[in-house]
Each structure stands twice: as structure tokens, then as C-alpha cells.
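Reader: I'd like to learn how to read salt bridges in a model like this one. Can you walk me through it?

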Amino acid sequence: MVGVSRWRPGARERLEEAAIELFVEQGFAATTVPQITARAGLTTRTFFRHFADKREVLFGGDEIPGMATRMIEQAPAGDDPMTVILDGLRAVTAARFEGRRDELRVRREIVRSDPGLRERDLRKRDSLRLAISAGFQARGIDPLRAALLAETAVMLLFVSFDEWLDQPGDRTLITIIEDALTALRQAIA
């Protein structure tokens with residue numbers, strides 16, 4: 001006989017859904033981990049298996065900076081840095097953002113509503129910037145140029161991300177990123 005798990009699958013997703021609902025209903029600061037787990041029908045122990053704290057429900061773990069470093073290091077050797085950046089942004093937007101615009105709008109509003117979350121957002125962006133810079137340095141690019149490329153990549157992503165969430169149309173995030181890069185190139189030409 002095949003064993004039956006005593007836990008329903010999808011604990012992380014259920015915890016995220018419960019947390020977002022509560023953050024919207026009563027605010028981030030007023031929401032506790034026990035409230036989140038009660039709504040999800042799970043234990044606090046299960047919560048802490050998936051998240052370091054309730055802020056991480058909104059930000060995820062550290063997988064994106066690591067993924068960015070690996071993508072840059074593994075890009076074809078002959079690719080110029082801007083091709084590497086655009087290919088990486090295409091992959092990340094397709095995997096993490098497209099098809100989730102409404103959900104991401106809600107998450108962004110929660111982050112904007114709390115000073116501690118805004119600070120955490122800035123730290124996460126900085127971690128991504130450092131990871132991208134490290135990836136380019138691993139490709140043999142000098143630290144100053146790697147830092148400039150990393151700043152450009154992060155700026156393109158987040159400026160475009162806000163534009164994507166704010167626009168009423170159906171332009172894809174990567175289209176907005178490409179348009180932003182064209183505008184940036186024209187501005188500094």
C-alpha cells in the first residue's frame with residue numbers, strides 16, 4: 001500500500017496566500033505569524049520551515065541573486081554584457097513576473113505601506129546588484145564596469161517593473177525593459 005502524506009501539499013503557497021490576504025485586510029504590522037498559519041490551516045513551525053520571517057513572504061529567499069550570478073557566469077562567452085543582461089531579464093521576467101501582474105500590484109502596495117518593508121526592498125535590490133556585479137567580474141570584467149552594468153540591470157528591471165504595474169495596457173514587462181534600455185541609450189548618447 002502506498003503511504004499517504006498526512007500533510008496537504010502546497011504549504012508555502014497556502015501560507016503566502018493567507019499572509020497576503022491578512023496584510024491587505026489588517027495591514028502588515030498588525031498581522032502575526034500565528035494569524036497567518038491559522039488562516040492557512042498550518043503550524044507556525046511549518047511557516048518557519050518556509051520563511052525566515054513574515055517579511056520574506058513578500059520578498060522570497062535569496063534565490064534570485066544566486067540565479068542572476070549563475071546566469072551571467074553561464075552565458076555564452078562571446079555575448080556582450082548588454083546581451084547577457086537582456087537575456088537574463090527575459091528569463092527572469094518570464095519565470096517570475098509575467099502572468100502575475102495583479103498579484104504583484106497588491107504585493108507592491110503592501111511593501112509601499114510599511115517603512116520596514118521599503119527598507120527590506122532596498123536591501124534585496126542591493127543584494128541583486130552585488131550578485132550581478134559578481135557575475136560580471138567572474139566573466140573577467142573589471143570591477144568598475146561590472147558595478148555600472150549591475151546598476152544598469154537593476155535600474156532597468158525596477159523602473160520597468162513599476163511602469164509595467166502602473167500602465168493600464170497589456171505590454172509585457174520585457175517589452176517595457178527593452179523600451180527603457182532604448183531610452184537610456186538615447187539619453188546617454
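**Reading the salt bridges**

Author: Let's start with a pair: Glu16 and Arg107 are both buried, where buried means under 20% relative accessible area, exposed over 50% and partly exposed in between, with a 1.4 Å probe and protein chains only. Keep in mind that this is a predicted model, where local features need pLDDT of at least 70, side-chain atom pairs count only at pLDDT 80 or more, and totals for chains, interfaces and linings use all residues. Residues are numbered from 1 along each chain as its sequence is written, and side-chain values use heavy atoms, leaving out hydrogens and water.

Reader: What do the side chains of Glu16 and Arg107 meet in?

Author: Side chains of opposite charge can pair when their charged atoms come close. The cut-off for a salt bridge is a side-chain nitrogen of Lys or Arg within 4 Å of a carboxyl oxygen of Asp or Glu. Glu16 and Arg107 form one at 3.4 Å, N to O. Glu16 sits in helix H1 (residues 11–26) and Arg107 in helix H7 (residues 101–112), so the pair ties together parts 91 residues apart in sequence. Helices here are DSSP runs (H or I, at least four residues), numbered from the N terminus.

Reader: Which residues are linked with Glu16 and Arg107 in a network?

Author: Arg12, Arg100 and Glu103 join them in a network of salt bridges.

Reader: How far apart are Asp87 and Arg90 in helix H6?

Author: They're 3 residues apart, about one turn of the helix. Their closest N and O atoms are 3.0 Å apart in a salt bridge. Asp87 is partly exposed at 36%, and Arg90 is partly exposed at 35%.

Note on methods: Helix = DSSP H or I, 4+ residues; strand = E, 2+ residues; numbered from the N terminus.
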